[in-house]
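The sequence and structure come first.

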Amino acid sequence: MTNKEYQEIVEKKYSKPLKEIMYELCVVRDVVPTEGASELGVPKSTFLAWRNKFRFGPLQRKADFAEQIRDKQIDKYKQDNEFERDFLYKEERSIRGFKEVMERFLELEKYKSALNDPDASDYLFITMRIATIEQMLNYLTKYEQGRLHEAFDKEYEYLRMIVNKEI
C-alpha cells in the first residue's frame with residue numbers, strides 16, 4: 001500500500017484530516033513512532049513520513065518554536081528600539097555619556113543576536129559580549145549610586161580569605 005492509501009484509511013477511521021490525527025499523536029500525546037504507527041495500523045516509515053510532512057517531530061517542533069521566539073524577539077526590538085534616535089549626551093565626555101553609548105551598544109548586540117541564527121560558538125561569543133556590557137552597566141550604576149567601592153571591598157575581602165585559607 002502507498003502512504004496515500006494509508007492516509008485515506010486512517011482519515012476514514014478517525015473521521016478527521018490526517019494533520020489533526022498526527023497533531024494529537026505527536027504533539028499532544030508525544031507518542032514514539034512505533035507506538036503511533038501501531039495505533040494507526042500503518043508502517044513506521046509511513047508514520048515518520050507523515051510526522052515529518054507536518055513538522056511534528058520533536059526536533060522540528062523545537063526548531064519551529066525557536067524560530068517563532070526569534071521572530072517575536074525581532075518584532076519586539078523593532079518596536080522597542082528606535083536605533084536612529086539622537087544621543088542625549090553625545091557631546092559630553094562624561095560617565096553618563098559613556099553609559100548612554102554602552103546602553104545603545106547593548107541594544108544593538110541584543111538586536112544582532114535576535115537577527116542571526118548563530119552556531120554554538122557564535123552564540124557563546126554573542127552571549128559573552130552581551131553579558132560583558134550588562135556587567136559594565138551594572139558597575140556604572142553602582143558607581144553612580146556610591147556602592148561600587150563597597151562591592152570591591154567585599155570581593156577583595158573574600159579573595160583575601162581564600163588566599164589566607166580562612167575559608
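The largest nonpolar core of this predicted model has 15 residues. Those that touch the most other members are Val10, Met22, Leu40, Val42, Phe47 and Trp50.

Leaving aside neighbours within four places in sequence, Trp50 is in contact with Asn3, Tyr6, Gln7, Val10, Leu18, Met22, Leu40 and Val42. Apart from this core lies another, of seven residues, including Leu106, Ile126, Ile130 and Leu140. In soluble globular proteins, nonpolar side chains tend to be buried together.

Which residues of α3 are buried? They are Pro33, Gly36, Ala37 and Leu40. These residues cover an arc of only 95 degrees around the axis, so they lie on the same side of α3. An α-helix has 3.6 residues a turn, so residues three or four places apart point the same way. The cover over the buried residues of α3 includes α1, α2 and α4. After α3 comes Gly41, with a positive phi near 75 degrees.

Nonpolar residues also occur at the surface. Tyr158, Leu159, Ile162, Val163 and Ile167 make a nonpolar surface patch of about 530 Å². Ile167 is in the segment after α8 (148–163). Is Ile167 buried or exposed? Ile167 has a relative accessible area of 63%, so it is exposed, the cut-off for exposed being over 50%.

Terms used. Residues numbered from 1 in each chain as written. Predicted model: local features only at pLDDT ≥ 70, side-chain atom pairs only at ≥ 80, totals over all residues. Heavy atoms only, no water. Core = buried A, V, L, I, M, F, W, Y, C linked by side-chain atoms within 4.5 Å. Buried < 20%, exposed > 50% of the residue type's maximum accessible area, 1.4 Å probe, protein only. Contact = heavy atoms within 4.5 Å. Patch = residues over 30% accessible without salt bridge, like charges linked within 9 Å, V, L, I, M, F, W, Y side chains within 5 Å. Areas by Shrake-Rupley, 256 points an atom, 1.4 Å probe, with all protein chains shown as cover. Salt bridge = Lys/Arg side-chain N within 4 Å of Asp/Glu carboxyl O. Helix = DSSP H or I, 4+ residues; strand = E, 2+ residues; numbered from the N terminus. Arc of directions from axis to C-beta.
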